[in-house]
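Please read these notes with the model open beside you.

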Amino acid sequence: MTLEIRHLQLLDAIGAEGTVSKAAKRLNLTQPAASHALRSLERRLGVELFRRERRRMVPTVEGERLLRSAQVVLTEIRRAEHDVSQLKTGYQGVLRITTQCYTCYHWLPGILRSFNQTFPKIDIQIVPEGTNKPFESLRNRTVDLAIVHHEPEGSDVALRKLFRDELVAVVPPGHRFASRRSVTAADFADEQVILHSAPYRSTFYEEMLKPAGVEPPRILALQLSEAVLESVKAGLGVSIMARWTVEPEVKRGALRAIRLTPKGLWRVWYAAVLAYRAESPALVSLIDLLKKNALSAVESCAASA
């Protein structure tokens, strides 16, 4: 193989510094040694990688292509070295978490407090702005773990199943659905629907309405559960929520929860991390804790509401 790590490091340094002398200093080489290494690589590849313009080394088309690859490879190597160090010494620093649904933020903090007892040196940060784009946030490295109910495309994200919950139609006691045991997609053709998020992020829309070709006259998105529930009570529309979220209101008689199809519509929750970090000791510990306690935390949160 022509290219070696030292070649990528040299190309990256010249591209960043703009001169061979500065690149050599950055790599702890002499200027003659760096110049010789560059000329030797160009001879082996049979192309010119840099040309001098106004006292700067500017990459050629071929050099630009190698530079892009060098940056990707070197970044990945640095991350791998960092993760190996973590596996040996334990995680220290910041761990950022987001979820795919705002209701998760009701039960998540209790589990995070337990996690801090095992990893007291980790600063756990909840990143609510990642809620609408959890997989993009993972890939951009703005979060380290996402709690999601959709599976991503591609193999760069690793998933571990946590629990599942049931989605139900939520209506006031006087609604036409209130006395029914279940409803179908066709029943929503004339109903205004109130969701937590945009339809394309809704399990109900994607797995029930869309396959049936049903489009409600209007779909309203409200992020706060309290706002959704009050809107339903006021007769402004029908909502779709997790049964545990609405259970306290159902027990008080303020609302009714109706099953979606006779078999119910269920949503599976996963812990998602970048695949190359799936063995990080802190993330493994947190996911184990989530798998063990998330469902009971959800039920406890509903019971205390």
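1. In this predicted model, local features need pLDDT of at least 70 and side-chain atom pairs count only at pLDDT 80 or more, while totals for chains, interfaces and linings use all residues. Residues are numbered from 1 along each chain as its sequence is written, and side-chain values use heavy atoms, with hydrogens and water left out.

2. Strand 3 (residues 93-99) and strand 5 run parallel, joined by 3 bridges; Ile97 has Leu145 of strand 5 as its bridge partner. Strands are DSSP runs of E with at least two residues, helices are runs of H or I with at least four, and both are numbered from the N terminus. Two strands pair if DSSP finds at least two bridges between them.

3. Strand 5 (residues 145-148) also pairs with strand 12 (residues 265-274), in the antiparallel sense and over 3 bridges. Here Val148 has Tyr270 of strand 12 as its bridge partner.

4. In a regular strand the side chains alternate between the two faces of the sheet. From strand 5, Leu145 and Ile147 point one way, Ala146 and Val148 the other, and all are buried. Buried means under 20% relative accessible area, exposed over 50%, and partly exposed in between (1.4 Å probe, protein chains only).

5. Helix 1 (residues 5-17) has 13 residues and reaches 18 Å from first C-alpha to last, close to the 18 Å expected at 1.5 Å a residue. The expected span is 1.5 Å times one less than the number of residues. Its buried residues include His7, Leu8 and Asp12. Just after helix 1, Gly18 takes a positive phi of about 90 degrees.

6. Ile77 is found in helix 4 and counts as partly exposed because its relative accessibility is 30%.
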